[in-house]
Amino acid sequence: MPGARVALALGCAGALIGVAAGPAQAAEVSFATKCVPPAASGLDPVDGTTKVEITAPATAKVGDEVEVVWKFVQAASKNPDLIDLPANSVKPSGTLKAAGAQTAAVPMEGPQENPAIPKGGDMVLSDMKGKLKLTTVGEVTLTPEAYKITAFSTDTNCTPTETVPSAATIKVEEGEGSSSPTPTPTETGSTSPTPTESATESPSSSPSETDGGQTDFTGEVVDIPYTCESPIGTQKATSTIQINAKKDGGNFDLTVQFKKSPMNSPANIPKDSIKPSMDVVLGGDDKGSVHVEGPTNAEDIKSGDPIEIPDMTGTYKPGATGESTLSPGVLTIEALGTTTKCTPDKTSVSLTLDTTEQEGGASGGSSSTGGGGSSSSGGLAATGSEDHDALKALGLVAGTAVLLGAAVFTFLPGRRRLR
């Protein structure tokens, strides 16, 4: 069996598969694999060998739903000599192909369970499991296909570069189960993308001139695609954002919210080290922008805990009378002396307000409140997985490096970007 050689941060790893009915059988198989690190790492694809053990029932009947287990016997790479991976920070998923009497793509997934993996240590991945409903008499072969390794919400994708031999065969006999048609193959190997959040409420109607006191306005939840520039490079991601307002006289107190945490923290982050700000873009009858800021993180963030984005607030002083729109703009994240800017590839209106021009208002310029920070708006990028299962990356930092204030990036073997 060829030795495994892959300089991949998370490692292209092998797999094993377990049973569900009848006497179990296990078989190992190895195959050449190309693994692609996260785009933000700047690494080229690497080639290695995956070694897999598949376990499944030797015999079963039509109608049975069997469990298959995929075990990583030998990982194709080691953890780079860069950072230690904490316990329970790595999660594998992939696809197993059923062929022969029945054809299907079986989703496989393992729990996020692993021992602490030191720099240079062997990658240790959990067993993946999946289920297959048997529908046809005959022999069904099971063959491992592509898989991915997720750590800190970033994915390393590994794909076979040669024909992979089948690893197990189930002999399916007549049974009481129905001979229902073969299920449509389900595409796996990656976590389902997070469903797009729908607007919780349409923008509220505008206040009338006779409205005394404060009136609340709830904006639509919008998905904004961003391009983020940080000290370690460029990354694209999408943020889910909502802009709300509270009328205070002729002005509006704004609150910009991110609707979900973009990722778990890749390392311990001290309190008061991360600060977001955004320039909300004005449109319609008014022009310019409104600067909003969020507080720094009030508590230490432990490795593996979610990184929550605090609400950002500011005051909008209208510079025109009429109907004004508010849209997410450039986002700026300052962390331990580094700055990351995320610029929208395109933006969408979250809130529309009826406004009355105020002296010194925004029209044509910037209506800034509150203190410093660069006036870039934007958003923290949520990577599409709600979940969590896909370069579920931290958009505001285009990688974990900026968050740590020293480009310590999980997937940068051989590149020392520590300060």
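**Notebook: salt bridges, cores and confidence**

I began with the side chains of Glu28 and Lys51, which form a salt bridge at 3.5 Å, N to O. Glu28 sits in strand β2 and Lys51 in strand β3, so this pair ties together parts 23 residues apart in sequence. I noted that the model is a predicted one.

I then looked up how open the two partners are. Glu28 has a relative accessible area of 44% and is partly exposed. Lys51 is at 18%, and I put it down as buried because the cut-off for buried is under 20%.

Next I asked how many salt bridges the structure holds. The structure holds 6.

I went on to Asp47 and Lys34, another salt bridge, with the closest N and O atoms 3.1 Å apart. Asp47 belongs to strand β3 and Lys34 to strand β2, and the pair links distant parts of the chain, 13 residues apart. I found Asp47 partly exposed at 46% relative accessibility. Lys34 is partly exposed too, at 32%.

In another pair, Glu109 and Lys91 meet through their side chains in a salt bridge of 3.3 Å, N to O. Glu109 is in strand β7 and Lys91 in strand β6, so parts 18 residues apart in sequence are tied together. Is Lys91 buried or exposed? Lys91 counts as buried, at 19% relative accessibility. Glu109 is partly exposed, with a relative accessible area of 42%.

I returned to strand β3, residues 46-57, to find Gly48 there. Gly48 counts as buried, at 10% relative accessibility. Its C-alpha atom is separated by 9.7 Å from that of Thr161, 113 residues away along the chain.

Then I turned to the nonpolar cores. The largest has 39 residues, and Trp70, Leu96, Leu132, Leu142 and Ile170 touch the most other members. Elements that give two or more residues to this core include β2, β3, β6 and β7. Which element gives the most? β9 does, with 5 residues. Another core lies apart from this one; it has 32 residues, among them Ala245, Phe258, Met278 and Ile309.

Last, I checked confidence. The chain has a mean pLDDT of 73, and 65% of its residues reach 70 or more. Strand β18 (residues 312-316) has the highest confidence, at 96, and helix α1 (residues 401-404) the lowest, at a mean of 32. The pLDDT is below 50 over residues 177-212, a stretch with 83 contacts in the model beyond near neighbours in sequence. Residues 369-419 are also below 50, and that stretch has 212 such contacts. Where pLDDT is low, predicted coordinates should not be read in detail.

Technical notes. Residues are numbered from 1 along each chain as its sequence is written. This is a predicted model: local features need pLDDT of at least 70, side-chain atom pairs count only at pLDDT 80 or more; totals for chains, interfaces and linings use all residues. Side-chain values use heavy atoms; hydrogens and water are left out. pLDDT is the predictor's confidence in each residue, from 0 to 100. Helices (H or I, at least four residues) and strands (E, at least two) are DSSP runs, numbered from the N terminus. Contact means heavy atoms within 4.5 Å. Buried means under 20% relative accessible area, exposed over 50%, partly exposed in between (1.4 Å probe, protein chains only). A nonpolar core is a set of buried Ala, Val, Leu, Ile, Met, Phe, Trp, Tyr and Cys residues joined through side-chain atoms within 4.5 Å. A salt bridge is a side-chain nitrogen of Lys or Arg within 4 Å of a carboxyl oxygen of Asp or Glu.
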